[in-house]
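Morning, everyone. I have one structure to walk through today. Please take a look at it first.

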Amino acid sequence: MKYNKMKYNYPIALLCLLSTMTMWSQTPVKENDSIKKVTKLDEVVVTKNKRKVKNDTISSTLKIETSVLEIPQNIISVSGSLLKQQGAFELSDAVRNASGVYFGRNNNVFDGAGNLYVRGFTLNDVFRNGLPTIGGLYSQDDDAVIDRVEFIKGPAGFLGSSGSPGGRINVVTKTPGKSKIMDISLTGGSYDFYRAAVDLGSVVKNKGFSYRFNTTYNYQAYFVDIMKKHKFIIAPVVQYNFSENTSVMVEYIHNNQNAIAGSGFTKFFPEDELLTDDKNANYGADPGLPNSTSKLHTGRLVLKHRFNENWKMTSQSSYVKTKADIWSLLSEETYNAVGFDQNGRTNRLAWRSFNQEEAISTQFFVNGKFKTGEKVKHHILVGTEYTVSKDSLYQTFGLTSFPFERDNMQYGLDREELINSQEPFQDYKANNHLISIYLFNTTKIGKKLNVDYGVRYTHSKNKTVFYTDATVFDQDAFSPRVGASYKIDNHTAVFALYDESFRPKNGQDKQGTPFKPIRGQNKEIGIKRNWSDGALSTSITAFNIARNNLVTQDPADPLFERQLGQVVSKGIEVDILGNISNNLSVSANYAYTKATITKDTDIDIVGQLASFSPRHLVNTWVRYSFPENMFRGLSLSLGHTSIGKRATNTVDVFLPNYTKFDGAIAYTKGKITTRLLLDNLTNKRYIRTGDIYEGNGYYTEGTPFNYKVSISVRL
């Protein structure tokens with residue numbers, strides 16, 4: 001499908017309007033206004049209705065201690081309260097609140113955090129509380145455990161030792177807080193969606209025990225036929241404070257999911273037939289398939305001690321175990337998503353993928369503050385971390401194929417015949433060790449200039465067994481970081497940053513030369529501003545990222561690979577988040593991203609856009625709360641997403657553009673909040689994710705118009 005120029009007049013005009021409105025919102029907040037600054041709290045709080053709008057500081061799990069305004073980097077911190085307004089029950093729903101973050105191809109209903117793209121590059125894994133999740137593909141973080149989500153653009157070596165040059169996502173989980181909490185919520189909606197959740201928590205004491213307990217049960221069918229999914233989450237947290245300076249915390253998260261009759265609904269059609277079939281048809285499902293399962297266990301132990309007002313240390317460790325057993329039906333002709341011949345017929349056979357991952361990660365770091373001279377202050381971060389993990393992947397196809405007709409779909413295959421499998425075509429095991437040390441310093445010179453610099457050293461050792469062939473690789477890298485932020489006034493800062501990323505790469509070329517690690521170099525500049533005493537923040541960022549040492553096919557021998565490839569991503573990001581006035585809040589962003597292949601052994605694809613990442617991505621969410629003298633407790637929300645020029649694996653062929661609208665109506669009276677969530681208001685038929693290759697499209701269709709009604713009680 002050739003790209004037709006998309007009309008961005010509406011979203012761009014809306015962003016311009018919002019930016020103009022922020023210029024008129026600089027009037028100082030009066031003492032009797034509902035938005036005010038609260039001492040020692042890191043959020044702006046609407047005191048009359050207790051809704052957090054935005055986070056002014058990053059969480060302590062990012063390790064560095066600097067305000068968002070002064071950090072020389074684009075970091076967006078989104079509160080859990082905003083996610084509730086939007087009906088964002090899973091992490092993939094939260095990406096609308098940060099520029100340049102796109103949910104790419106997904107293969108099954110457990111891909112809640114899988115295949116995310118940031119600034120044109122695949123996000124390798126999601127961090128949870130500053131620790132790598134390892135099993136991020138099937139972690140599917142849920143609103144039940146999310147306190148906030150932090151989108152960190154660029155490598156961010158202070159957070160982790162290995163990752164994407166485009167950025168990282170850090171999920172901060174719910175722990176005991178500064179107030180008691182007892183919330184119960186029930187939700188129901190389209191396609192048999194049912195959800196019940198409980199959130200209980202005590203106040204953190206200066207000395208003694210405190211706790212937080214979350215649990216949820218989620219059942220849903222889908223707009224496509226047959227498939228259903230159950231999800232159960234339990235997440236207890238216990239904290240003990242020996243004193244106001246010393247504490248220990250233990251956290252456990254269990255996420256158990258079970259999909260019935262299949263795991264995915266990817267479709268396969270010729271390019272000119274995309275979105276022309278019955279949208280409810282599910283060609284990869286059958287009641288005879290075994291249930292697909294995804295199970296996550298996460299344990300975390302945190303010890304904190306503050307020596308004095310200037311120095312503190314943190315030690316935290318986690319154990320993560322994920323197991324996913326995925327079943328689906330594929331076409332025998334292509335061993336891919338089910339497609340049909342000219343007569344609308346095919347033969348289907350079962351496909352099974354069993355993945356298991358296990359990891360132990362531990363971190364120890366120290367934060368310190370000191371002066372060298374009257375006007376020079378230093379914020380030091382020094383630490384080390386170690387991760388040992390093992391993972392395995394086993395994939396196979398069924399022995400028996402079954403005829404299937406598009407116009408006369410018959411279900412009810414015999415399970416014993418379905419699960420009778422061939423020899424595995426994937427049998428992979430790996431053991432990984434990653435150790436690193438790092439030192440970063442933020443030097444504040446006077447009241448306006450911050451200089452941020454440091455380096456991380458990482459050593460990686462990997463042993464991979466593919467069937468019976470074993471290989472061992474050792475790789476290491478230094479990842480420097482240097483940036484500066486200058487405050488034009490107390491509310492405005494300009495910044496520049498250079499930092500690098502590192503990703504281990506296993507394997508070797510035809511000559512037996514081991515591959516080098518994949519390296520990324522990020523350069524960005526930008527301007528940030530806080531408005532209305534910090535109630536609203538805006539930022540504009542320009543970036544240039546090169547990812548080097550990518551592995552490509554060896555033209556001299558296609559059975560081997562060689563290391564030569566490079567992708568360069570350039571773009572501009574605009575982010576607006578917070579309260580424009582007491583009654584009007586906004587989350588809006590725009591990203592222009594152009595990721596281009598600049599080096600490859602296949603010279604024909606040099607200059608081609610890198611796959612999947614969109615050129616234009618616009619998101620808005622505007623909420624208006626009626627004044628108390630009109631309709632007290634009532635609020636209306638309207639949002640939209642526009643995506644244009646999504647690259648595919650075919651040169652100059654793009655997935656269809658789309659614009660989708662959604663909204664919400666909420667009413668709060670006393671301790672009870674009722675919320676109506678409306679998705680895809682115009683019932684737009686669109687491709688959520690996919691690819692086009694050799695004239696055929698592999699894609700997942702977006703959900704038609706649907707609604708959810710939620711009632712929550714705060715006791």
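Among contacts in the protein between residues at least 6 apart in sequence, what percentage join residues at least 24 apart? It is 67%. Keep in mind that this is a predicted model.

Now the overall make-up. The protein has 715 residues, and 55% of them count as buried. Its secondary structure comes to four helices and 38 strands. So much for the totals. Let's go to particular strands.

Start with strand E32, residues 634-647. Look at who pairs with E32. Strand E31, residues 614-625, is joined to E32 by 11 bridges, and the two run antiparallel. Strand E34, residues 658-669, is joined to E32 by 10 bridges, again antiparallel. Find histidine 640 in E32. Histidine 640 is the bridge partner of threonine 620. Histidine 640 also stands opposite phenylalanine 661 in E34.

E32 has another partner. Two bridges join E32 to strand E33, residues 654-655, and the pair is antiparallel. There, arginine 646 faces leucine 655 in E33. E32 and E33 make a hairpin, with six residues between them. In that turn, aspartate 652 has a positive phi of about 60°.

One general point while we are on strands. In a regular strand, side chains alternate between the two faces of the sheet.

Valine 118 stands opposite phenylalanine 121 in E7.

First, arginine 456, in strand E24, residues 449-466. Is arginine 456 buried or exposed? Its relative accessibility is 0%, so arginine 456 counts as buried. What does its side chain find there? A polar atom of that side chain lies 2.7 Å from the backbone oxygen of glycine 157. The arginine 456 side chain also makes a polar contact of 2.8 Å with the side chain of serine 436.

Second, glutamine 316, in strand E19, residues 311-331. Glutamine 316 is buried too, because its relative accessible area is 4%, and the cut-off for buried is under 20%. Its side chain is joined to that of arginine 300 by a polar contact of 3.2 Å. Leaving out residues up to four places away in sequence, glutamine 316 touches several others, including Asn129, Leu131, Val302 and Gln363. For a distance along the chain, take lysine 304. Lysine 304 and glutamine 316 are 12 residues apart, and their C-alpha atoms are separated by 8.5 Å.

On to the cavities. How many cavities of 30 Å³ or more does the structure hold? There are 12.

Last stop: two loop residues with positive phi. Serine 532 has a phi of about 50°, although it is not a glycine. Serine 532 sits in the loop between strand E27 (518-531) and strand E28 (536-553). With 13% relative accessibility, serine 532 counts as buried.

Asparagine 683 also has a positive phi, near 55°. Asparagine 683 lies in the loop between strand E35 (672-679) and strand E36 (687-693). Buried or partly exposed? At 39% relative accessibility, asparagine 683 counts as partly exposed.

That's my tour. Over to you.

Notes
Residues are numbered from 1 along each chain as its sequence is written. This is a predicted model: local features need pLDDT of at least 70, side-chain atom pairs count only at pLDDT 80 or more; totals for chains, interfaces and linings use all residues. Side-chain values use heavy atoms; hydrogens and water are left out. On a 1 Å grid over the protein atoms alone, a cavity is a set of points where a 1.4 Å probe fits but cannot get out, and a pocket is an open set with protein on both sides within 12 Å along at least five of seven lines; lining residues have an atom within 4 Å of a point. Grid points are joined across faces, edges and corners, and a volume is the space filled by probe spheres set on the points. Buried means under 20% relative accessible area, exposed over 50%, partly exposed in between (1.4 Å probe, protein chains only). Two strands pair if DSSP finds at least two bridges between them. A polar contact is a pair of N or O atoms within 3.5 Å; within protein, one must be able to donate a hydrogen and the other to accept it, and residues adjacent in sequence count only if both atoms are side-chain atoms. Contact means heavy atoms within 4.5 Å.
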